[in-house]
Amino acid sequence: MRKANPQSIAKSDPFALLCSRISALCRSFVDSTIRVWAARLEVRWWTSTPRGLPAWGPRLFPAAGILLCVGLCPGAGFGRSPAENWYQLPQSRTQSAHRAAQPLPNSQSGLPSITKVEPPSWWAGHTINPVRLLARGTNLAGARVRAANPAIRVSGVFVNENSTYVFVTVNINPSAPPGSYPLILETRHGQTTIPFTIEPPLTTKTHFQGITGDDVIYLIMPDRFANGDPANDAPADAPAAANDRKNPRAYHGGDLRGIINHLQYFKDLGVTALWLTPWYDNWNGVNTCDKPWCPNTYYHGYHAIDYYAVEDRFGDMATLRELIEKAHALGLKIIQDQVANHVGSRHPWLKDPPLEDWFHGTLAHHTLNKFRNSVLLSPHANQEEFRNTLDGWFSDDLPDMNQEEAEVARYEIQNALWWVGMTGLDAIRQDTIQYMPRSFIRDLSNALHRQYPKMWMVGEVFERDAAQTAFFIGGHNGWDGIDTRLDSVFDFSLWNASLLTFTNKLPMRALRDQLKYDALYPDPLRITTLANNHDTVRFMSLDGATLEGAMMHTAFTLSVRGIPQLYYGEEIAMEGKEDPDNRRDFPGGFPGDKHNAFSASQRTADQQRMWQWTHDWIKLRREHSAFRHGRLIDLFYDDDAYVFARQDPNDAADTVMIGLNRSANAKNISFSTARFGLGFDDLFLHPLIGRPEPILEKKSVALTLPPRSALAYVLRGARASSN
Ligand SMILES: [Ca+2]
Ligand SMILES: [Ca+2]
Ligand SMILES: [Ca+2]
């Protein structure tokens, strides 16, 4: 059996070694060149040429360096920080860490075979080059791997102890055209091929668009939204009990086709981006036990058994690509739910991991996460609690991936980019992100942005403490010296305050009191402001909930700073207690539904009132940049009311004011117009929602806020408005 030997890996491919050396030189070259140029520009050296040198002389050295870096070794680590360990060949691996867990029978002789290649495809000219393949098979002991086509080079071949996995580094010539590039794997018993293709890249004009404050995100659980293809409801290997609409923990039949069929619904509502819970392939079976939560299935998608396949009940890769193309054609973006922290316990890796340290522990021997999450924030945490929170399993059936193994980190980073490249999706929601090392979050973020500059990832840090969520957003260094570069985090602390406030458990001033902790964020406009999600009780099922409360919560979510995220069905005031009750089927999405809430004419009065309200506040965001990009100014707050402005720093003329009154009575308030900071005393308030006529305010704003409602105005200077 071939053992991993870092030196021999490097020596086996002199080109790879040369490129890695050039890569290191490139990094220091870029740094020093920028410094030298900056200094020279200061003394105007660029405009004069030193005596004895031709005019192009000073430019020659930098130009040659750039050619060497970009031309000779494209993608050979250029621009990558030396701290990004995942990209290095596994030089620090110790052989002892790589003993496979259990010996498999009949794996030491016979013809080699390959059953799975991950990733199965890649791109020429990609920022990750070489790419590291992981192939599963049998009888791989002593494997040698070569490329049939000289456009790709192979190095770093490593076979695991059970001879069931081979790692192969593949360097792709940037000019290699798309097509099939099989690798030949040989042992002393025979040979087989590792299928591998180079894909044509998707255009960046319409794909990989990222998310900004201009977006409104809408979260969908595909199994529960709409069943557009009954033919995929019952896969051949699935027991009948797995598909049962009466069981809230079984599959209900919703799928990607169902979402495609309702794209116009999202356009009509006004949302701009769809976040789908995971579409990785999950186990088709049913878990049985004598507990109330059985029988159950993985209809929610968070228990992947294949990081490189689409759930067969939801559709296939072609349907997913069709969904994304059709969504893009309507101006809708797609957000993938990725789960790098763990896989499902039915994943083949559990019986035969590629490396002994692939997971933190095994099915039989692992620790459970005690969820002492604050130890991830505190600089004073002890290692036992800290490691438990990072390495402990989320539950006994969610094995925890070990991203501190460079092969795992590399596998997962490549996997994240593969989905983006294959489908053209626009953004990623990363599940349970805080349970992974911060250095890994940084490396993943960097790799995404390097290839797709607009790419956007939001992390789930499910904490009601803003200090903890702010610690994980990118744009600032934590006490550990790490900037995660993470684009966004969900604002669970403000979500919590809003739910409590609009169900009368906290005074209205609690909203302002929570928002003051925006001081912890490098840029509050980048926070994702959730209204609710699939893990939380729906608003209408909270104690103290009213339709008016839900409407104020929605208006607040859509008008406060940040990128709003709605949860399917809340726009028609759906009810639902804890998971899985909060994941009921959208009415009208399933064959035989008597009531179709996709159609305005079939909605109840309350459903339509909520739908129209949600639609109208989304429309305000679209029409006024201040809602999307403006700074927030507290204007008035007490037990019953909160009034704030949003002011676009690039367009002070577009200042909006939002007033929320929770009490059962109309409320009269007043405050000085100076609070807007606009530089004039008199202004007109033009109603955006609510009153029909503009109001002229002189020096002081006097407002009557109607009971249990929200108002919005746009401000105009009195002189400008009277023209
Ligand atoms: Ca279906
Ligand atoms: Ca499946
Ligand atoms: Ca973990």
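In what order do the 3 strands of the open sheet stand? I found E4-E8-E9, with antiparallel pairing. This is a predicted model, so I noted its limits: local features need pLDDT of at least 70, side-chain atom pairs count only at pLDDT 80 or more, and totals for chains, interfaces and linings use all residues. Residues are numbered from 1 along each chain as its sequence is written, while chains are lettered from A and ligands numbered from 1 in the order in which they are written.

**Entry: the sheet**

I kept the element names as DSSP runs, numbered from the N terminus: helices (H or I) have at least four residues, strands (E) at least two. Two strands pair if DSSP finds at least two bridges between them. I then checked strand E8 (residues 183-187), which is joined to E9 by 5 bridges and runs antiparallel to E9. Thr187 stands opposite Gly190 in E9.

**Entry: two helices**

I looked up helix H14 (residues 547-559) and helix H15 (residues 605-623). Their axes come within 9 Å and cross at roughly 15°. Axes here are lines fitted to C-alpha atoms, for helices over the stretch in contact, and angles run from 0 to 180 degrees between N-to-C directions. The crossing angle makes H14 roughly parallel to H15. The cut-offs are under 35 degrees for roughly parallel, over 145 for roughly antiparallel and 65 to 115 for roughly perpendicular, with the rest oblique. The crossing is right-handed, meaning that the near helix is turned clockwise from the far one by less than a right angle.

I listed the contact residues (C-beta atoms, placed from the backbone, within 7 Å). H14 brings Leu547, Ala550, Met551, Thr554, Ala555, Leu558 and Ser559. From H15 I noted several, among them Trp613, Trp617 and Arg621. By class, the contact has 9 nonpolar, 3 polar and 3 charged residues. Nonpolar covers Ala, Val, Leu, Ile, Met, Phe, Trp, Tyr, Cys and Pro; charged covers Asp, Glu, Lys and Arg; polar covers the others, Gly among them.

Which peptide bonds did I log as cis? One joins Asn129 and Pro130, with omega about 10°. Pro130 sits in the loop between strand E2 (121-122) and strand E3 (131-138). Another runs from Cys294 to Pro295, with omega near -5°. I placed Pro295 in the loop between strand E13 (280-282) and strand E14 (304-310).

Phe208 has phi near 55° and lies in the loop between strand E10 (197-198) and strand E11 (217-220). Is Phe208 buried or exposed? Phe208 is buried, because 23 other C-beta atoms lie within 10 Å. The rule is 20 or more for buried, 12 or fewer for exposed, and in between for partly exposed, with C-beta atoms placed from the backbone. Thr432 has phi of about 35°, in the loop between strand E16 (427-430) and helix H10 (438-451). Thr432 has 19 C-beta neighbours inside 10 Å, so it counts as partly exposed.

**Entry: Lys667**

I found Lys667 in strand E24 (residues 667-672). Lys667 is partly exposed, because 17 other C-beta atoms lie within 10 Å. Leaving aside neighbours within four places in sequence, Lys667 is in contact with Asp640, Ala641, Asn661 and Leu705. Lys667 and Arg708 are 41 residues apart in sequence and 9.9 Å apart in space, C-alpha to C-alpha.

Note on methods
Contact = placed C-beta atoms within 7 Å.
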